[in-house]
Amino acid sequence: MYTLRDFGDLEEQMAAVQRADVGAIETVGDQGVSSDELKALLEEYELEVISSHIPLEDLRHRLDDTITFNRAVGNDTLTLPYLAESERPETISEWQSLGQELGDIALRLSDEGFRLAYHNHEFEMEILEGKTALEHMFDAAGPKLLAELDIAWIARGGLDPAEYVGRFEDRLFAVHAKDNAPEGSAEEEGGFATLGMGVLDWEAILPAIESSESEWYIIEHDHPIDAEAVITEGSRFLREELTQLRME
């Protein structure tokens, strides 16, 4: 739903998802509506929520309300989508401290029947003593914290997505299926491309994801000019490629 954030109102966004033949969504917080309103729209457009992006501030200070809202709309996975610059650790010990905090939140959520995942950008790909910052954080968090790996941001961080997803295969909740445009192009779209139309090697990346235990492919584009086309073409690309791959 982040991809569609500027596409009309919430009902128009859900109608676009349905037209793209996508049956599940990842919400952005409460989408600006009550749980009853969101649940009614989900039922009308035959959609389910499989994750919701929840900022760190809400995980720390509004967790009970967040649980109540998401339980009401049938979602059991909360994903930390982004760390503001002021929240980002700089040293291994700081990454470990954040990991421990997220691990504690994940344990608390587990008691409520919920899961916690973490979504990366490029800054977590920094190498610190032979490991990425993200790996240091996950090592400290313990097994309850799950990964939502963003394929395009991994590549922008200088790593090979096909190799990197294997490092999280037993904790990989989902991937953000996102593509990068050729360097220096698509500046008006943040340098991103419609899935399958960019420079990333999906012939190598998709088998790596398939060999993991990832539950979901989440189509995303940070700055789309035509958001509906992005999810429609992304859905078609994934369906065709995965159908072929699973037949081999």
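User: What counts as buried, exposed or partly exposed here?

Analyst: Buried means under 20% relative accessible area, exposed means over 50%, and partly exposed is in between (1.4 Å probe, protein chains only). This is a predicted model, in which local features need pLDDT of at least 70, side-chain atom pairs count only at pLDDT 80 or more, and totals for chains, interfaces and linings use all residues. Residues are numbered from 1 along each chain as its sequence is written, and side-chain values use heavy atoms, with hydrogens and water left out.

User: Where does D64 fall, then?

Analyst: D64 is partly exposed, at a relative accessible area of 48%.

User: Which residue does D64 meet in a salt bridge?

Analyst: R108, at 2.7 Å, N to O. R108 lies in helix α5 and D64 in helix α4 (residues 63-72), so the pair ties together parts 44 residues apart in sequence. A salt bridge here is a side-chain nitrogen of Lys or Arg within 4 Å of a carboxyl oxygen of Asp or Glu. Helices (H or I, at least four residues) and strands (E, at least two) are DSSP runs, numbered from the N terminus.

User: How many salt bridges does the structure hold?

Analyst: 16. One of them joins the side chains of E215 and R115 (2.7 Å, N to O). E215 sits in the loop between α9 (202-210) and β11 (216-219) and R115 in strand β4, so this pair ties together parts 100 residues apart in sequence. There is also a network of salt bridges linking D150, K178, E220 and D222.

User: Changing topic to β4. Is the strand largely enclosed or exposed?

Analyst: Largely enclosed by the rest of the structure, because four of its five residues are buried. R115 of β4 counts as partly exposed, at 26% relative accessibility.

User: Which strands pair with β4?

Analyst: β3 (residues 77-80) runs parallel to β4 and is joined to it by four bridges. β7 also pairs with β4 in the parallel sense, over four bridges. Two strands pair if DSSP finds at least two bridges between them. T79 has A117 in β4 as its bridge partner, while L116 has L145 in β7.

User: And what about α6, why is that helix largely enclosed?

Analyst: Seven of the nine residues of α6 (residues 133-141) are buried, so the rest of the structure largely encloses the helix. Among the buried ones are E135, H136 and F138.

User: What covers them?

Analyst: The cover over the buried residues of α6 includes α5 (92-111), β4 (115-119), β7 (145-150) and α8 (161-164). Contact means heavy atoms within 4.5 Å.

User: What comes just after α6?

Analyst: G142, which takes a positive phi of about 90 degrees.
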